[in-house]
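This report is a guided reading for someone meeting the structure for the first time.

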Amino acid sequence: MFAYFNNPHKVLHLSSEVLIAGLAMLLVGIYGAYLYTGHLSIVVQVALHAMTIVGPTLIKIGYVMRLLSQHRLGQHRVSAVIA
């Protein structure tokens, strides 16, 4: 399993999938928990509210994975402030 995370190309691909999954969970959670006006059971409502917490968490994890894999690949960009 650790060999998988030693390959920065695989981690970069995985980070994209984690980012997409997190965004999807966040959007579905927001729609279902706050915008949908139909009747939902309490279990579904709790799951939708939990998705509004887990979604951004996955986005943050995916973004950090992307930053680390790009750093290991040497693709990071250094922005300089010109005075």
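Helices here are DSSP runs of H or I with at least four residues, strands are runs of E with at least two, and both are numbered from the N terminus. With that in place, glutamate 17 can be assigned to helix α2. The model is a predicted one, in which local features need pLDDT of at least 70 and side-chain atom pairs count only at pLDDT 80 or more, whereas totals for chains, interfaces and linings use all residues. Residues are numbered from 1 along each chain as its sequence is written, and side-chain values use heavy atoms, with hydrogens and water left out.

**Overall architecture**

The protein contains three helices and zero strands, and its elements run α-α-α from the N terminus on. Its radius of gyration, taken over C-alpha atoms, is 17 Å, while a compact globule of 83 residues would have a value near 12 Å; that rule is 2.2 Å times the number of residues to the power 0.38. Along the principal axes, the C-alpha trace spans about 50 × 45 × 15 Å.

A residue is called buried under 20% relative accessible area, exposed over 50%, and partly exposed in between, with a 1.4 Å probe and protein chains only. Buried residues make up 20% of the 83 residues. The protein exposes about 6400 Å², of which carbon and sulfur atoms supply 71%; accessible areas come from the Shrake-Rupley method with a 1.4 Å probe, and for residues only the protein chains shown count as cover. Contact means heavy atoms within 4.5 Å, and among the contacts with a separation of 6 or more, 65% are between residues 24 or more positions apart.

**Helix α2 and its packing**

Helix α2 covers residues 8–35. With 28 residues, α2 reaches 39 Å from its first C-alpha to its last, close to the 40 Å expected at 1.5 Å a residue, where the expected span is 1.5 Å times one less than the number of residues. The buried residues of α2 pack against α1 and α3 (42–73), and they include Val11, Ser15, Val18, Gly22 and Leu26. An α-helix has 3.6 residues a turn, so residues three or four places apart point the same way.

Serine 15, located in α2, counts as buried because its relative accessibility is 0%. Leaving aside its neighbours within four places in sequence, serine 15 is in contact with Gly62, Met65 and Arg66. Glutamate 17 is partly exposed, since its relative accessible area is 42%.

Valine 28 also belongs to α2 and counts as partly exposed because its relative accessibility is 44%.

**Helix α1**

Tyrosine 4 sits in helix α1 (residues 2–6), and a relative accessibility of 33% is why tyrosine 4 counts as partly exposed. Not counting residues up to four places away in sequence, tyrosine 4 touches Lys10, Val11 and Leu14.

**Separation in sequence and in space**

The table sets out pairs of residues by their separation along the chain and their C-alpha to C-alpha distance.

| Pair | Apart in sequence | Apart in space (C-alpha to C-alpha) |
|---|---|---|
| Glutamate 17 and glycine 62 | 45 residues | 7.9 Å |
| Valine 28 and phenylalanine 2 | 26 residues | 32 Å |
| Tyrosine 4 and valine 43 | 39 residues | 36 Å |
| Leucine 35 and glycine 74 | 39 residues | 42 Å |

**A nonpolar surface patch**

Which residues make the nonpolar surface patch of about 550 Å²? The patch is made by Ile30, Tyr31, Tyr34, Leu35 and Tyr36. Patches are made of residues with over 30% relative accessible area and no salt bridge, with like charges joined within 9 Å and nonpolar side chains (Val, Leu, Ile, Met, Phe, Trp, Tyr) joined within 5 Å; a salt bridge is a side-chain nitrogen of Lys or Arg within 4 Å of a carboxyl oxygen of Asp or Glu.

Isoleucine 30, one of the patch residues, is placed in helix α2 and counts as partly exposed because its relative accessibility is 34%.
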